[in-house]
Amino acid sequence: MKGPYFEEVEHTADRALLVRGADLKELLHNAALGMLQLIGAIPRSGPSREREIEVQAPDRESLLVTWLEELLFAMETRGVTYTKFELQITGDTHLFAKVQEMPIMVITRHIKAVTYHDLEIEKTEDGLVTTVVFDV
Amino acid sequence: MIQKQDFHKLGPVLWEIPTSYRQDMRVPVRIIADDRLLEAALSDKSMLQAVNASTLPGLVSYIIVMPDVHQGYGFPIGGVAATRLPHGVISPGGIGYDINCGVRLLSSHISAKVAEPHLGDLANALYANCPSGVGVGGSLRLSIKQLDQICRQGAEWTLKNGYARQKDLERTEGGGRIEGANPAHVSPRAKQRGRPQLGTLGAGNHFIEVDVVEQVFHPEAAQAMGLEEGMLSLQIHCGSRGFGHQICSDYVRELQGAVKRYQIQLPDRELVCAPLDSPEGKRYLSAMTCAANYAFANRQVLVHHARRAFEQALAGKVSDWELHQVYDIAHNIGKIEEHVVDGEKVRVCVHRKGATRAFGPGFEELPDEYRDLGQPVLVPGSMATSSWVLLGTEGSMALSFGSTCHGAGRTMSRKRAKRMVRGDRLREEMESSGIHVRARSMPGLAEEAPQAYKDVDAVVEVVVRAGIAKKVARLRPLAVIKG
């Protein structure tokens, strides 16, 4: 695959991530890693805990938004971050993930929401690419 | 890319992109700007986003864009759009995730000169008393029943529970309570996020700022507002916290299906919407109102904390440390209002995303002391520059659905600002110029550097030239508290 798995791109007021993946599973995985890097979440040392997340959405762009929102919600309400993701995708509309959760020690930046702004998952020669804009 | 030649110049600071620019535009797009601010608006995607917003069904007159505009998501930040009731649409993305993000200003009789030796202590006390930062909860743990009461009652709940004075509510937009809230239309997740966060500032561009009233331009209005040159004032900028963010996220997701059902074609999925008289539109409006009421209550509880901080830091050192409400106003909201369109009074839903309501003299809702003057408008600058107190005018009613600018407006991305500015150096510079800074995150501080914003004074000059606001007073920062 050409280019990094994710990279921040310019946006005047908010934050935007260009994300690549060989397939939808990898794209969603890389989007989660990119979002965690934007947030700057550092876990507290200690044992991690495995948790299962299941997400359903009407199309793949909505699946991406709903998946990232699911992680943000847990981060805010339970004070956790993630060290590992194992994803399974069924069709373009169902995601099952096993994640390793750890309590957050430091969080640098707040993300209010994952937006649908200009959101389109596009095919390229070697996989999929999209740009996700976060409201911060 | 939209260019300057795509605009028709309608006046010295008024420009229009006609509907002929793109086939799917339903109304023109207007911008209030001088040449320099128009060029700034053309440097990112803001005007394209305004053109996209002009495709929404049920719009009246035009989309109008303020001179502090910058690129957002879906709508531009600084955009105003009015849709006609009952069939026009409401768009959550046209209001934003931080529902009823807004500004509150309080005045005092504390001389900045007398308080100067104690400003560091005051900054510390504000930082200690007003919870701020990412995911930080407040001292209140609301039950679901209490949260539902706040959804319906807004700032009135804070009055009943000892966090407010009657005058605070009288000097708040809509009395701090908007009718029509229905907490049954708010998800359990939003309630889970909202319960611990009442009375918290959050992070990002939210702040508490101690200012000095540097110059008064309209003595009569300043006197009515209690603003006196050389005296301290306090600004609070924040919104509905995770509660509002979740409500917006829930409905942007839900309405993805509604646009298909109502066969609405959109150039951007963030613009999803539903007719105001549809079940989906009504549900969103009532849930959005819950978040708007929560935000009024949130800023009120923060005022309660700030009053305690002023007492802790200044009691016995100044003769009167009281804070008096000047006004509290939203700049991310959808409001059902009556406006004159083509000579006819019509009911519309005014989407203000990064724009401030600026109703002119005679508006019934205003307290007696403001009614003949017009509604106070609060325009915070970036953290090391001026902020402004303005008045709404008849001109804003005629030109911009009773709206004006909301701030300086960003001109540089956060990524670039962080590359160009170091948070610790910025803090040192601000401290050496006499501004006390308390911030949890140095990268967060760097992102909010004044260099990342337009010149708020230039923005204010343009809205005054356009006749959509009048100057009352300019404030200068002395202490900044950030999450």
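Contact means that heavy atoms lie within 4.5 Å.

## Basis

The model is predicted: local features need pLDDT of at least 70, side-chain atom pairs count only at pLDDT 80 or more, and totals for chains, interfaces and linings use all residues. Residues are numbered from 1 along each chain as its sequence is written, chains are lettered from A and ligands numbered from 1 in the order in which they are written, and side-chain values use heavy atoms, with hydrogens and water left out.

## Nonpolar cores

A:L68 touches A:A31, A:A32, A:M35, A:V114, A:V132 and A:F134, leaving aside residues up to four places away in sequence. A nonpolar core is a set of buried Ala, Val, Leu, Ile, Met, Phe, Trp, Tyr and Cys residues joined through side-chain atoms within 4.5 Å. Buried means under 20% relative accessible area, exposed over 50%, and partly exposed in between, with a 1.4 Å probe and protein chains only.

The largest nonpolar core has 150 residues, and those touching the most other members are A:W67, A:L68, A:F134, B:I31, B:M47 and B:F243. Helix 11 (residues 279–314) of chain B gives the most to this core, with 10 residues. Both domain 1 and domain 2 of chain B supply at least three residues each to this core. A second, separate core of 30 residues includes B:C238, B:V303, B:V318 and B:A479.

## Chain B overall

Chain B has 17 helices and 19 strands; helices (H or I, at least four residues) and strands (E, at least two) are DSSP runs, numbered from the N terminus. Its radius of gyration is 21 Å, close to the 23 Å that the globule rule gives for 483 residues, so chain B is as compact as a globular protein of that length. The radius is taken over C-alpha atoms, and the rule is 2.2 Å times the number of residues to the power 0.38. Along the principal axes, the C-alpha atoms of chain B fill a box of roughly 65 × 50 × 50 Å.

Of the 483 residues in chain B, 65% are buried. Among the contacts in chain B with a separation of 6 or more, 76% join residues 24 or more positions apart.

## Domains of chain B

Chain B is assigned domain 1 (4–411 + 453–482) and domain 2 (412–452), with bounds from an automatic or database domain assignment. The centres of the two domains, taken over C-alpha atoms, are 24 Å apart. In the contacts between them, 22 residues of domain 1 meet 20 residues of domain 2.

## Two helices

Helix 4 (residues 119–129) of chain B has several buried residues, including B:L119, B:L122 and B:N129. The buried residues of helix 4 pack against helix 3 (112–115), strand 8 (207–216), strand 9 (231–238), helix 11, strand 18 (436–439) and strand 19 (470–482) of chain B.

In helix 5 (residues 144–153) of chain B, the buried residues are B:L147, B:D148, B:I150, B:C151 and B:Q153. These pack against helix 6 (155–160), helix 8 (188–194), helix 10 (241–261) and helix 11 of chain B. B:G154 follows helix 5 and has a positive phi, near 60°.

## Cysteines

With a disulfide taken as a pair of cysteine sulfur atoms within 2.5 Å, the count over all chains is 0. The sulfur of B:C238 is 7.2 Å from the closest cysteine sulfur, in B:C101, too far for a bond. B:C248 is in no disulfide either, and the nearest cysteine sulfur, that of B:C101, is 13 Å away. B:C238 is buried, with a relative accessible area of 0%, and B:C248 is also buried, at 0%.
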